[in-house]
Amino acid sequence: MKMSWARSMRAGQKDVFAALRQEIRRLDGDFRQRETLSFGVKALDRRLPGGGLPRGALHEITEGGPAAEFSGSATLFTAGIAARLKGPILWCLNRRDLFAPGLVNAGLHPDRVIYAETFREPDILPAMEEGLREKGLGAVIGEVTRLGLTASRRLQLAAETSGVPVFALRRWWTMAERDLTGLPTAAVTRWQISPFISQAPPAPGLGRARWHVDLLRCRGGEPYSWILEACDAKGRLALPADLADRPDQAPRRRAAAG
């Protein structure tokens, strides 16, 4: 009787695990079939499931390097993505430090941006979620410090329902707030953008800035790292020809192991 009961338990567990694996494959298949936005950089797009950034999804973007709390490179990276989407862009923020001419340099004209200034950090996430219920938006962007699992799941579900991409641009002003940006969220992708210090151009005003772009997390994919030229006036990134074979353009093995 004991042997028979043990076999029955093992058979039941196998059925449960088989059903779980099937559900994971189904969800992963749904994720891969979503509409995506290509970056236009093969070295980057081929690392993303579906060949680009999923549209109806939550994406998280942080800044690395010196003066990371100002999020200059991360802001321009986000603006460049938004510039290549059709429709107005809802940008939710609670500080008046968004530099409109800088958005133009990344391809996003201020006339396309709807600014939702909440003045209070806790009001940003509800404003983002409300914006995803409106039709016709190209994207929703919110500058947030705190983004827990519950709130991020709500944004992810709202993005899936609307088909509109939502970007959480993580901002922080103290070390305690900075630590919050490393906590788990329901974001489909998590990026870190850092200025890349390279040789000075031959003359002032020549050459594009370069970023160290880290894909820290990607549902259905693996972490990776690139050195890319910053967004141009049309929001497009580029792979520098002189850095294409550098070891920097390699998987983030440490991040993957972590």
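Colleague: How many disulfides does a search of the whole structure find?

Modeller: A disulfide is a covalent bond between the sulfur atoms of two cysteines. In this predicted model, the search of the whole structure finds zero disulfides. As for individual cysteines, C92 is buried, with a relative accessible area of 0%, and C218 is buried at 6%.

Colleague: What does the secondary structure of the chain come to, and what share of the residues count as buried?

Modeller: The chain has eight helices and eleven strands. Of its 258 residues, 44% count as buried. The accessible surface of the chain is about 14,100 Å², and carbon and sulfur atoms hold 56% of that surface.

Colleague: Next, the aromatic rings. How many aromatic pairs are there?

Modeller: The count is seven aromatic pairs. One of them joins F39 and F77: the ring centres are 6.1 Å apart and the planes lie at 25°, under the 30 degrees cut-off, so the pair is stacked. F39 is in the loop between strand 1 and helix 2, while F77 is in helix 3 (residues 72-83), so the pair ties together parts that are 38 residues apart in sequence. Both F39 and F77 are buried.

Colleague: Which kind of aromatic pair do F77 and W211 form?

Modeller: That pair is edge-to-face, with 6.3 Å centre to centre and 70° between the planes. W211 lies in strand 9 (residues 210-218) and F77 in helix 3, so this pair ties together parts that are 134 residues apart in sequence. W211 is buried, as is F77. F39, F77, W191, W211, Y224 and W226 form one aromatic cluster.

Colleague: Is G40 buried or exposed?

Modeller: A residue counts as exposed when its relative accessible area is over 50%. G40 has 62% relative accessibility, so G40 counts as exposed. G40 lies in the loop between strand 1 (36-37) and helix 2 (42-45). The C-alpha atoms of G40 and A238 are separated by 8.1 Å, although the two residues are 198 residues apart along the chain.

Technical notes:
Residues numbered from 1 in each chain as written. Predicted model: local features only at pLDDT ≥ 70, side-chain atom pairs only at ≥ 80, totals over all residues. Heavy atoms only, no water. Helix = DSSP H or I, 4+ residues; strand = E, 2+ residues; numbered from the N terminus. Buried < 20%, exposed > 50% of the residue type's maximum accessible area, 1.4 Å probe, protein only. Areas by Shrake-Rupley, 256 points an atom, 1.4 Å probe, with all protein chains shown as cover. Disulfide = S-S within 2.5 Å. Phe/Tyr/Trp six-rings, centres within 6.5 Å; stacked < 30°, edge-to-face > 60°.
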